[in-house]
Amino acid sequence: MTAVEHDADVIVVGAGPGGSATAYHLARHGVRVLLLEKTEFPREKVCGDGLTPRAVRQLIRMGVDTSPEAGWLHNRGLRVIGGGVRLELDWPELASFPNYGLVRTRLDFDDLLAQRAVAAGAKLRTSVNVLGPVLDDDGRVTGVEAEVGPGKEPTTFRAPLVVAADGVSGRFPLALGLAMREDRPIGVAVRRYYRSPAKHEDNYLESWLELRSKDSGDNLLPGYGWIFGLGDGRVNVGLGVLNSSSAFGKTNYRRLLTDWLANTPEDWGMTDEANADGPILGAALPMGFNRVPHYTRGVLLVGDSGGMVNPFNGEGIAYAMESGELAAEVVVQALARPAGPERERALLAYPNELKARLGGYYRLGGIFVKLIGRPEIMRIATKHGMPHPTLMRFVLKLLANLTDPRGGDAMDRVINAMTKAAPAV
């Protein structure tokens with residue numbers, strides 16, 4: 001039997017934050033990485049553009065300069081609006097995470113991370129649309145079939161391992177029969193950019209727990225909203241609706257956004273269509289490990305492809321980058337072993353470690369999603385919780401998953417105990 005010549009040790013499908021983080025950490029360890037991206041950079045993505053300290057930590061681990069001089073807008077914490085209360089909560093002071101968040105548009109954020117991977121030694125190819133896996137006689141993935149360039153030239157790329165980081169669409173895992181689980185939470189988010197001199201420079205990410213239109217009175221609109229200043233004269237404004245809400249799948253989300261914004265102060269600039277910078281765009285938020293297994297037949301799932309969005313707050317970038325780093329660590333160890341049972345044993349550490357790190361937390365997140373999907377519970381929670389800053393600081397730590405695993409304060413110990421006690425999803 002003739003040995004197949006590999007194009008790389010690992011092929012990474014998708015150069016979003018998860019794929020680029022995977023490629024960076026693999027290349028840093030000397031692994032030959034081929035990073036395939038279907039579009040050209042720079043390119044836009046539907047996202048809130050806000051990064052918590054959890055995501056900032058991953059950027060620092062990739063050697064990214066997060067200073068204001070490098071184009072990053074820093075924020076001190078989260079401003080929460082609901083129940084007639086406006087509360088500013090600073091990010092916690094922790095040993096494990098920095099005490100600041102960031103805002104940057106995905107237009108150049110993804111390009112920046114991809115270039116970090118290239119600088120570490122990864123080979124990036126754009127305009128490569130991966131169609132599906134190449135399988136050997138045992139059904140194991142040994143590469144990918146793709147269309148390359150504007151001419152859509154059919155091309156095969158080969159590698160002993162493939163990382164699927166192709167986002168919420170998950171075309172690659174779908175080709176392997178890995179569909180989304182219906183029993184796990186999922187959300188839908190829409191967002192738009194507006195020119196807003198009054199709101200574009202903000203020290204806090206702003207989260208709206210209650211949405212009302214001009215004519216809704218006491219009736220709440222479904223979902224939660226955000227307004228993130230970009231520091232360049234614009235804001236990123238959006239809302240999300242979870243599948244635990246009765247409005248999920250039955251609502252015109254774009255109309256919902258404009259109805260809410262029509263009720264905001266006129267000087268913010270979001271009531272005037274003339275201030276809009278681009279269309280309203282939407283995307284799904286795959287949460288709580290809603291596609292598993294995260295390793296099978298030579299393929300590891302990273303980020304949105306593996307349903308890793310945090311059910312508590314809709315954050316996806318941090319978990320895409322974390323899972324990418326973990327996947328790289330596991331793959332490095334696996335490639336040091338001969339192909340066969342020994343390598344498979346090493347690769348199975350990836351789903352096991354993901355489950356150990358996030359399984360209990362995501363289980364709690366699933367319960368949280370079901371609760372806040374009921375308007376009467378959300379109304380009670382905001383009315384009685386918002387006036388208590390200490391309780392809300394606890395909630396911030398829980399929702400943003402920001403605790404010290406060892407040596408933290410009483411809040412950290414309670415949250416860590418809760419996540420350890422919860423059965424892993």
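The structure is predicted: local features need pLDDT of at least 70, side-chain atom pairs count only at pLDDT 80 or more, and totals for chains, interfaces and linings use all residues. Residues are numbered from 1 along each chain as its sequence is written, and side-chain values use heavy atoms, with hydrogens and water left out.

**The sheet**

- Strand E10 (residues 141–148) is joined to E11 by six bridges, and the two run antiparallel; strands are DSSP runs (E, at least two residues) numbered from the N terminus, and two of them pair if DSSP finds at least two bridges between them.
- These strands belong to an open sheet of three, in the order E9-E10-E11, with antiparallel pairing.
- Strand E9 (128–135) and strand E11 (153–158) are the edge strands, each pairing on one side only.

**The second largest pocket**

- This pocket holds about 720 Å³ of space; a pocket is an open set of points on a 1 Å grid over the protein atoms alone, where a 1.4 Å probe fits, with protein on both sides within 12 Å along at least five of seven lines.
- The volume is the space filled by probe spheres set on the points, which are joined across faces, edges and corners.
- Its lining has 27 residues, and the closest to the centre are Arg54, Ala356, Arg357, Asn401 and Pro405; lining residues have an atom within 4 Å of a point.
- Helix H8 (349–372) is among the elements that give two or more residues to the lining, and H8 supplies the largest share, six residues; helices are DSSP runs too (H or I, at least four residues).
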